[in-house]
Amino acid sequence: MSDSTLTSSDTATLTATLTASLTVEPIAGALGAEISGVDLGRTLPDETWDQIRRAFLEHQVVFFRDQRLDPERLKVFGRRFGTLNVHPFVKPLDGHPEVLPIIKEKTDRANFGGGWHSDMSFLPEPVMGSILYAIETPARGGDTLWANQYLAYERLSPGMQRLLDGMVAVHSAASQYGPDGESARNNPKRKGMEVAVTESAEIETEHPVVRTHPETGRKALYVNRPFTVRFKDMTRRESRPLLEFLFEHATREEFTCRFRWTDDAVAFWDNRCTQHYALNDYSGQRRHMHRVTIDGDRPC
Ligand code: SIN
């Protein structure tokens, strides 16, 4: 029977079968869950997307294995959750401005994303989510870690929470993409990607140090080492001790999970309440990923 001859009761049965088989298994105590029983390359019913969204909001990062996502299908996945962002500083995939190739060649020494961060917090409206698809993974190494920023906030003392609740921080991309930044140092060690070095990365934007998640209503710590420069109305030197404490605290082991990549695996994470870290421990091996990011709103 072709799709065009399905009755409404057939469609209901098919929808029930497709949604019922989806399972969500947490992978750690702090955050992260693996979803199985879904083929993201197919046209899925709204109920399945709703289940994925609920799992994403509950677990903050969700993983899928054995998917086939060409750039078009990856964009279809991303667009279920919002409009797609075009990275201001990294050369995209030819013909797909929204798709970022994240590649470390066998001979490269530097990787991309090799430090705890929240994607593009330097934007006035930072990206809400990122979807990373593994095309080629090393035999060993190249895992990614995530840290739960709700927990990071909740485990602070009431006094520190009260102090931070009223504070605003300044974010900028300068330490990564500015003339004295990470790209300027590491581009010669990272031939797999084309990453800009530009003075326009020095533009600053302000965000609350503690943000309230627009969908869950929970409070999350929102500072990260590469992009948070200082507190508003304070110098860098004055800001440094408290920022250093927060950077360390935010990524304590008990707030983290770790994902072991396999070819065709996918991770979908919420940048509003997590940080992540791409480990660079696979010297001599190639790692090739595609990433799309979903536009977000102004943190408040
Ligand atoms: C990133 O989005 O920061 C890269 C993560 C990774 O390659 O594992």
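Start by selecting the ligand and the side chain of H117: an oxygen atom of the ligand is 3.0 Å from an N or O atom of that side chain. This counts as a polar contact (a pair of N or O atoms within 3.5 Å; within protein, one must be able to donate a hydrogen and the other to accept it, and residues adjacent in sequence count only if both atoms are side-chain atoms). Before going on, note that this is a predicted model, where local features need pLDDT of at least 70 and side-chain atom pairs count only at pLDDT 80 or more, while totals for chains, interfaces and linings use all residues. Residues are numbered from 1 along each chain as its sequence is written, and side-chain values use heavy atoms, with hydrogens and water left out.

Next comes H276, where an N or O atom of the side chain is 3.0 Å from an oxygen atom of the ligand. How much of the 260 Å² that the ligand exposes when taken alone does the protein bury? The protein buries 100% of that area (Shrake-Rupley method with a 1.4 Å probe; for residues, only the protein chains shown count as cover).

Now show the whole shell, meaning residues with a heavy atom within 4 Å of the ligand: I102, G113, H117, D119, L132, T144, W269, H276, A278, R287 and R291. By class, the shell has 4 nonpolar, 4 polar and 3 charged residues (Ala, Val, Leu, Ile, Met, Phe, Trp, Tyr, Cys and Pro count as nonpolar, Asp, Glu, Lys and Arg as charged, and the others, Gly among them, as polar). Strands here are DSSP runs of E with at least two residues, helices are runs of H or I with at least four, and both are numbered from the N terminus.

**The cavities**

The space it takes is the largest cavity, with a volume of about 100 Å³. On a 1 Å grid over the protein atoms alone, a cavity is a set of points where a 1.4 Å probe fits but cannot get out; a pocket is an open set with protein on both sides within 12 Å along at least five of seven lines, and lining residues have an atom within 4 Å of a point. A molecule sits in such a space if more than half of its atoms lie within 2 Å of its grid points. Grid points are joined across faces, edges and corners, and a volume is the space filled by probe spheres set on the points.

F112 is one of the residues lining the largest cavity, and the lining divides into 5 nonpolar, 4 polar and 2 charged residues.

For the second largest cavity, of about 60 Å³, select N85, V86, H87, P92, P97, E98, V99, L100, R291, V292 and T293. Here β15 provides the largest share of the lining, 3 residues.

**The open pockets**

Move on to G114, G115, H117, Q176 and P226, which lie nearest the centre of the largest pocket among its 28 lining residues. Helices α6 (174-177), α7 (182-186) and α8 (236-250) are the elements that give two or more residues to this lining. The pocket holds about 430 Å³ of space, and its lining has 10 nonpolar, 12 polar and 6 charged residues.

Last stop: the second largest pocket, with a volume of about 310 Å³. Select S175, R225, T228, V229 and R236, the closest to its centre of the 13 residues that line it. Which element gives the most to this lining? Select α8, which contributes 5 residues.
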